[in-house]
Amino acid sequence: MTDPRLEWLDDPVTRRQVLRGALSGAVVLGAGGVLGACGGDDDGGGGGGGGTPAESGGKLKTGGALRVGATGGGAKDSIDAHRPTVDTDIMRCWNLYESLAVRTPDFSELQMLVAESIEAEKSPKTWTVRLKEGVTFHNGKPVTADDVIFSLRRILDPKDPKVGAASIGYVEEKKLKKMDERTVRITLEFANAGFPDDVGQYFNAIVPTDYDPKNPVGTGPFQYKSFTAGQQSEFTKYADYWEEGKPYVDSLTIIDFPDDTARTNALLGGQVDVIDNLPAAQLQNVKSNPNLRVLSSKTGAWQPFTMRVDQAPFDDVRVRQAFRLIVDREQMVQQVLSGQGRIANDLYAPYDPAYADDLPQRQQDLEQAKSLLKQAGREGLSVELVTAPVFQGIVEAAQVFAQQAKGAGVNVKVRKVDSGTFYGDNYLKWTFAQDFWATRVYLSQVAQGDLPESPFNETHWEDPKFIDLIQQARAEVDEGKRADILHEAQTMQYEQGGYIIQYFSNIIDAYSAKLGGFVEAKCGFPFGNYWLKNIGFLA
Amino acid sequence: MSKLIWRRLALGVLTLWLISLIVFAAVLALPGDAATAILGKEATPDRVAALRDQLNLNDSVVSQYLQWIGGVVTGSFGESAATQQPVSELLSERVGNSLFLVLIASLVAIPLSIALGVWLAMKRDRPADHIGSTVSLVLAALPEFVIGIGLVLLFATSVFQWFPAVSLLAPGERAWEAPKYVVLPAATLVLAVTPYISRIMRGSMIEVLESEYVTMARLKGLSERTVIWRHAVPNAIVPAIQVAALQLAWMAGGVVVVEFVFSYPGIGPALVEGVANHDMPVVQTVVMLAAAVYVLMNLVADLATILVTPKLRTAAR
């Protein structure tokens, strides 16, 4: 393989372009500092930039070695199928393992992977999983019912619950039953029509009964070669992968980058072929490089402000509504995300078929906010907003909010703490703080954060009527009827909830112009579900 | 002489012990603890409780410290809280990489800055001297990460693509097997320390060049080269040795920032991550290593000063 850096030197045109790029400010100087940057100077999201969207990029060839720069990573990296926590872990999981099913990158349907079907019996309390024929683990062994039962038990293990336990904790572990080699019956503690989506998450991967994380085996498009925590992991193409013609590349190397600047520099310098999570502030710099492409995808990822509905001043619904009216959402998107996002309406799960998009878009209304605060006897309110640099743009959003709140006579003191404090003893107990969430369908998100038993109920939202609606919806198999119930639940949240959801942020992939196969996705994961099986070198 | 060395070594051990107390207290003073830092967003109360138990974070502070120092005395640096791997295993390759980086940087920086200092002294008050002084002041004033980013822009990403922007050593690959990854980090360190050494060398050289014995040597008709290198430099070099040693000692810590800029797999990223994870054994070990280098370099500087100064050399017997 020739060294791309040398080609640069030999090509005067490229050199000149590079120099011009450098002079026009194509530089990456540290991360952060997005406040006030690039006011209106952007695409307002959507695909493209630096060229045409990737789908028009031409035919992909088979072969080649793909090097991916992943966000973060460190000594506590894991390659365990059921313990992904950081971006690098998640990327490895998507490519090495597979779950029964998963939402497609465009979030339109639940695509069956290891499973052939996941169907409810008479009521959505009991489910039958039928496995696809011909799906094999990397060691050649076909996937059987025993493997599914083993995997679910490993996730649910009460002594050592894995990441997925929060999503399918209601599965009756003792009642898992093998019907035949390719069929499993799963019984739930309560009826839940949303079960296929809950189990169809990347962290609920199917692994063989003799699974050993030290020599990990899965059914994914790439098989394990090596793994060094905090540095990199290597994979090779799994030749017997069930999807015809995939993956395109022969080998895959995932490299850790704890620092955003270093990751971008590695791409600019040709040391990696593709990176995920390009910070919006660096978008222009990468775009102006003729050898690189960027793809900005709209997602359902949200980074809300969390108001505790059981604590003053937010125990008064008028204060909560006033705070939601304070936000100038468009300004937030421009200033915090450099335009790489779109405004939201204090509701999550925009890609759920039942999303209540008919509720009027909330706009900034300072007069109304003031009047609500006055009614609540909270004029001249002063509150502390706890923030931490735990996700791109969160701290900046807090600062912009404090600025906007002044317009309603509210004094917001931004208290920036480090992540250790944020996730310390007060975690999930802060009166007014922030958080970040991935794209989910509505009921899965509710299970994560809006029920009394949810592991992350940060707004302490425990409304009996809401709980009742959710139980009804879970038991309802008829989609139309379920959507009606969920609409009512969302209306409650819209009128009384503790979240301020100001925007859905975009996710930006940046990659070498030699690559193709990138398609705009909604799932909120880089490269559409991290699926590097779809990426290849242009023929 | 040997008595002096032993006394200084004993003092050094005492210093290291005091530093271990301070670092321990500092890590404890960080808000949160290893359990919440490691779990992050997943820090639900039951998972935190389970991890605290596993990491012995519920033991008293004194017993945690005694456990750690007991290990050090018996030659074990403990296990990393984040990975449950022995710290020695986690750091051994990284220490090698960092030492190699510092070594290369010093091998370039010290001769270069001494030669530069001598040359500037000879060109005193001429344009070259003014330019040299200004540039070295600017470099000295710039934080080393700014120098590092500047070098990346110039030589790796935006202008030329001569060297890798990020030091991506493959796992198990050592720095000396892939020298291209060492160039820019080492150059950053060189640019960071050269101004100090060359300025002190220039200053003391000017002083020596004005002394009577140099005038005498010149009157004697010795060649300028002999005057400078045989008579002036050996006398002017003493302050430079002290400063060079201090700069080398500084590098043991400064390397942390430079390594982070280049994602160079040395002790730097390990320390940054250790602090983020409140990973006491890792932080302690890295800081102790840097401190030990500091103490040793100071000792070496003093010994070198004694050896090149006849008066001290004879007195120390």
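Where in chain A is A:Ser338 placed? The loop between α10 (329-337) and β14 (341-343) of chain A holds this residue, and Figure 4 comes back to it. Please keep in mind throughout that this is a predicted model.

**Figure 1. Chain A at a glance, before we zoom in.** The secondary structure of chain A comes to 17 helices and 21 strands. Of its 539 residues, 52% count as buried.

**Figure 2. The cis peptide bond between A:Lys246 and A:Pro247.** Omega is about -10 degrees for the bond that joins A:Lys246 and A:Pro247. To find the spot, follow chain A into the loop between β9 (232-237) and β10 (251-257), where A:Pro247 has its place.

**Figure 3. The cis peptide bond between A:Ala312 and A:Pro313.** Here the bond joining A:Ala312 and A:Pro313 is cis, with omega about 0 degrees. A:Pro313 sits in the loop between β13 (305-307) and α9 (317-326) of chain A.

**Figure 4. A:Ser338, a residue other than glycine with a positive phi.** For A:Ser338, phi is near 50 degrees. The loop around A:Ser338 runs between α10 and β14 of chain A. Is A:Ser338 buried or exposed? A:Ser338 is buried, because 24 other C-beta atoms lie within 10 Å, and the cut-off for buried is 20 or more.

Figure 5. Although A:Asp346 is not a glycine, its phi is positive, at about 65 degrees. A:Asp346 is found in the loop between β14 and α11 (366-375) of chain A. A:Asp346 counts as buried because it has 25 C-beta neighbours inside 10 Å.

**Figure 6. An open sheet of three strands in chain A.** The strands come in the order β17-β13-β18, and the pairing is antiparallel. Which strands stand at the edges? They are β17 (432-434) and β18 (499-500) of chain A; each has a single partner strand, so one side of each is left without a neighbour in the sheet. Two bridges link β13(A) and β18(A) in the antiparallel sense. For a closer look at β18(A), pick out A:Tyr499, the bridge partner of A:Thr306.

**Figure 7. Strand β12 of chain A, a mostly covered strand.** How many of the residues of β12 (residues 292-302) are buried? The count is 11 of 11. A:Leu292, A:Val294, A:Ser296, A:Lys298, A:Gly300 and A:Trp302 point one way from β12(A), while A:Arg293, A:Leu295, A:Ser297, A:Thr299 and A:Ala301 point the other way, and all are buried. Strand β19 (residues 503-512) of chain A runs antiparallel to β12(A) and is joined to it by eight bridges. Within this pairing, A:Leu295 has A:Asp509 of β19(A) as its bridge partner.

**Figure 8. The contact of chain A with chain B.** Chain A gives 38 residues to the contact, and chain B gives 37 residues. On the side of chain A that touches chain B, the elements that each supply at least two residues are α1 (4-10), α2 (12-23), β8 (222-228), β10, α7 (260-268) and α13 (419-422). By class, this side of chain A has 19 nonpolar, 15 polar and four charged residues.

Definitions and conventions
Residues numbered from 1 in each chain as written. Chains lettered and ligands numbered in written order. Predicted model: local features only at pLDDT ≥ 70, side-chain atom pairs only at ≥ 80, totals over all residues. Buried ≥ 20, exposed ≤ 12 C-beta atoms within 10 Å, placed from the backbone. Pairing = 2+ DSSP bridges. Contact = placed C-beta atoms within 7 Å. Nonpolar A, V, L, I, M, F, W, Y, C, P; charged D, E, K, R; others polar.
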